[in-house]
Amino acid sequence: MPRLAPVMTCLLGLLLLAATPARAQNMPPWGTGESRGEDLTIYLVTFGPGDDVASWWGHGSLVVEDQRLRQSRLYNYGMFSFDERMLARYAMGRLEFWVDDTSASGTFRFYRSQNRDVRLQELALTPAQRVELGRLLAENVLPENRNYVYHHYNDNCVTRLRDGIDKVLGGQLHQSMDVPGRMTLRDHTRRYTDVGPPMSLLLDFLMNDEIDKPVTRWQEAFLPDELERRVAETQVVGEDGQKRPLVAKTLNLYTSQGRPALPEQPPKYGPVLLLMGLAFGGGAVGLALWGRRSGGRAPRILLGLQNVLVGLVFGIPGFALFIMWLFTDHTVTYRNENLFLANPLTVLALPLGFQLMFGSEKARERMRLLWRVLAGLGVLGLVLKVLPPFDQDNWRLIALILPISLGMAGALTLARVRVPVADRTAEPLAPSLKASGS
């Protein structure tokens, strides 16, 4: 065994020597220390929103270019795997993203083919700051450093850029952005999802009051457009002790064609949702009155169909929200006040609605109890809004769902008793009216 020690030492040394050149070969010159600060240019890149849900928010990257050595790379913190486990990891709030470097020109061509804006801001960093930021980006790409657990608001592909720039600036970016933001994170979410109202409403339903708290501009910079805006407004202290703009130059490489402009404020569709809720709840009461008078099948089938729709549209999201609170790392769903409005109980409207359509009297009685409970929970959730802890901005959901619950509770109560139809059978004539013979 002692004789093996020198052999093992030599083998280990050879392995280390063999690995070192390969690693150095993959590193860009600003990662190996070959680049000089005066030769480096660093750009913050902002890509506009796209067509699918994941791209509604836009995207951001950093580009490092060594003009002397004629090398450049784009650093993208938005990489993740589209494998069979991706959806499960995302649902559990444990989806891993990573940073990768790629060709800047190829990436720009891709986003242009997707009809998405491409804008660059050259950062006015000192040579030492450029060297430091380039080194940090090159080291982040290494396998042991590149992965991170994604969080939409706190740790995403844009906050990583923001944090890196702030680090080389010695905290000056954070300091300049540590002022009240324009709006809450929920309002930002609603304005970015305005292009898809159903998905916007679903996201509004799933998120709790964590995104309703006052935020700073630093926190708003989880969005690419907001980071771009704040960087353009920021002034930093240079080597000479004088303040200067952080952005030296702005380049607009491509402007999307025919894409609607991002709204500056969230949409105001609360009144529309209230009218929809009143119409649906009032329609249920109308069907119950019709069925009570006529005793026909049509109103019963339509009322059952309404319950099936409610079970699908609100019950399934309510059940999912309950599960996400109990079993996932999505903290933004915890203790959600919308569970007063739709929850696992609401799912029961789906099978009971089908049973009602086929004439089950037991289903009618069970639905009456179910909707009384759901309506009571909805009213309780509304009353609790007077207490400070219940400060979630869910008035739009209350306007939509509570009238439906109240309408369903009233409809099933009315449908319990049927008005008897008048007996039209001819009665015998009274003795005094009988024909008399003489």
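1. Helix axes are lines fitted to C-alpha atoms, for helices over the stretch in contact, and the angles between N-to-C directions run from 0 to 180 degrees. Helices are DSSP runs (H or I, at least four residues) and strands likewise (E, at least two), numbered from the N terminus.

2. This is a predicted model, in which local features need pLDDT of at least 70, side-chain atom pairs count only at pLDDT 80 or more, and totals for chains, interfaces and linings use all residues. Residues are numbered from 1 along each chain as its sequence is written, and side-chain values use heavy atoms, without hydrogens and water.

3. Helix α15 (residues 349-357) and helix α16 (residues 361-383) have axes that come within 9 Å and cross at roughly 145 degrees. On the α15 side the contact (heavy atoms within 4.5 Å) includes Leu-352 and Leu-356, and on the α16 side Met-367 and Trp-371.

4. The largest nonpolar core has 38 residues, and Leu-62, Tyr-75 and Leu-133 are among those with the most contacts inside it. Such a core is a set of buried Ala, Val, Leu, Ile, Met, Phe, Trp, Tyr and Cys residues joined through side-chain atoms within 4.5 Å; buried means under 20% relative accessible area (1.4 Å probe, protein chains only). Helix α5 gives the most to this core, four residues.

5. A second, separate core of 35 residues includes Leu-339 and Leu-400.

6. Mean pLDDT (the predictor's confidence in each residue, from 0 to 100) is 89 for the chain, and 89% of residues reach 70 or more. Over residues 419-427 pLDDT stays under 50, and the model has two contacts for them beyond four places in sequence. Where pLDDT is low, predicted coordinates should not be read in detail.

Technical notes:
Buried means under 20% relative accessible area, exposed over 50%, partly exposed in between (1.4 Å probe, protein chains only).
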